[in-house]
Amino acid sequence: MSTKDKVIAIIAEQAVLDPSNVTMDSTLEDLGIDSLGLVESIFSIEEAFDISVPFNANDPQASDFDISTVASIVAGIERLQAEQS
Amino acid sequence: MKRVVITGAGTINALGHDVPSTLAAMRAGVCGIGALELRDVERLSIQIGGQVRGFEAEGRYNRQQMSLYDRFTQFTLAAAKEAIDQSGLTFSGELAAKSGVVLGTAGGGVSTWDDNYRSVYEDGKNRVHPFVVPKLMNNAAASHVSMEHNLKGPSFTVSTACASSNHAMAQAFSMVRSGMAPAMVTGGSESMLCFGGVKAWEGLRVMSRDACRPFSANRNGMVQGEGAGVFVFEEFEHARARGADILCEIAGFAMSSDASDIVMPSKNGASRAMSGALADAGINRDEVGYINAHGTGTAANDKTECAAVADVFGPHADKLMISSTKSMHGHLIGGTGAVELLACIMALRDGVIAPTIGYEEPDPECALDVVPNEAREARIKVAISNAFAFGGMNAVLALRAT
């Protein structure tokens, strides 16, 4: 499974949606994922890709891991994989 | 209904091993938060906390006691001794039969769980010490205080996460106010600064890696602390008859439940607890001079708490002072309300308002007088102490100068 497909699967599960309803342009907010859901999604991503995502729920925008859309999350994961491998 | 006063106070926390040193540190705006020293700390992503340093259990407690006292019990016993010594009470006869101990803790013997899980899971051992259960149970501290001081009345432990101590003290207060008990030993303690205790909090992604900066726009989370606060609550006439030194009066309390979210705070629940405490105490909102805030330093708590204060106090919200001493001693979770009550006592008795240290940038969502960075002298008559727990369970105490 590609990084994109894995991320879509994780986000879809969190949002209780079919993966076909999650696109690269979807934002977590659009999908109804709240702050707790976001923390859980980050955890699932860390486990799935064996990376550590710098993320503080007090200031989600502070880290350079961009969570604004599915596409930005995929890009962030690829960058962290390169840095942390 | 009886009036209830505080005639003894004791503590141990990152700022000091007793009340005078803790109040001196609060007055000076000392930060007790620093690098954690504990096993496997290098595997933690959060490596700071308000740790109690230089507390040697060896020497204080004998070998048999050590095998029964988790660190949270050790802290409790030290604080209880200081409080009861100060009160001058000796519990015997009818007083002993009716007086009890109600304490708060969220986790109880967390390091006992941690050490013994490590032993059986990581080290592969198949045997644990016979006293693991009596050492880790949440009521162990209350039980040992009852045994040590001959308290034979109503005694139990309250566990409501970060509001545990305030709920416990509210119970003790009710018992004395109703006439059920002439005196109660109450407060709370916590000792979660072990690998598992910090790792669990890390998971929630709400912890700061560098400092606890309540109400500051650049705040980035909470910092754990540890320790205990214990008080003697006594019926006023009982205290007066024996000429006891009265620290302040507990005038009322309220508890509320948000009934909404397991971690996100609610302005409505917090407001109802504060206004309820004032109503219970018969205090007008413009009498309140100081609020010891829950003030965790998280984005969510601080703005919600400030909004709730604005709702409850109206224009008076801009005149009162509100500070969070968690910036100095960290968040003692189930013990936090007890240690923070000391700041209220200092405000009422000594006329010194403890500061919110680490305050760097004003936040328009926390636009109250948060007593930034430096203690302030002010004569006040009434203080309230807030505790708002995960699970949406809130408890607020109202205190009056005597």
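**A walk through chains A and B**

Of the 85 residues in chain A, 21% are buried. Keep in mind that this is a predicted model, so everything here is read off computed coordinates.

Let's stay with chain A for a moment. Its secondary structure is three helices and zero strands, and from the N terminus the order is simply α-α-α. Along the principal axes, the C-alpha atoms of chain A take up a box of roughly 30 × 30 × 20 Å. The radius of gyration of chain A is 12 Å, which agrees with the value near 12 Å for a compact globule because that is what 85 residues would give. As for how chain A is tied together, look at its contacts with a separation of 6 or more: 53% of them join residues 24 or more positions apart.

Now for the place where the chains meet. Chain A brings seven residues to the contact, and chain B brings nine residues. On the chain A side, four of the residues are nonpolar, two are polar and one is charged.

What about the interior? In soluble globular proteins, nonpolar side chains tend to be buried together. Here the largest nonpolar core has 129 residues, and B:F233 and B:A277 have the most contacts inside it. The element that gives the most to this core is helix α14 of chain B (residues 336-350), with ten residues. Apart from that core there is another, of 13 residues, and its members include A:I10, A:I11, A:I42 and A:I67.

Back to B:A277 for a closer look. Leaving out residues up to four places away in sequence, B:A277 touches B:G252, B:F253 and B:A254, along with B:I384, B:V396, B:L397 and B:A398.

Technical notes: Residues numbered from 1 in each chain as written. Chains lettered and ligands numbered in written order. Predicted model: local features only at pLDDT ≥ 70, side-chain atom pairs only at ≥ 80, totals over all residues. Helix = DSSP H or I, 4+ residues; strand = E, 2+ residues; numbered from the N terminus. Rg over C-alpha atoms; globule rule 2.2 N^0.38 Å. Buried ≥ 20, exposed ≤ 12 C-beta atoms within 10 Å, placed from the backbone. Contact = placed C-beta atoms within 7 Å. Nonpolar A, V, L, I, M, F, W, Y, C, P; charged D, E, K, R; others polar. Core = buried A, V, L, I, M, F, W, Y, C linked by C-beta atoms within 7 Å.
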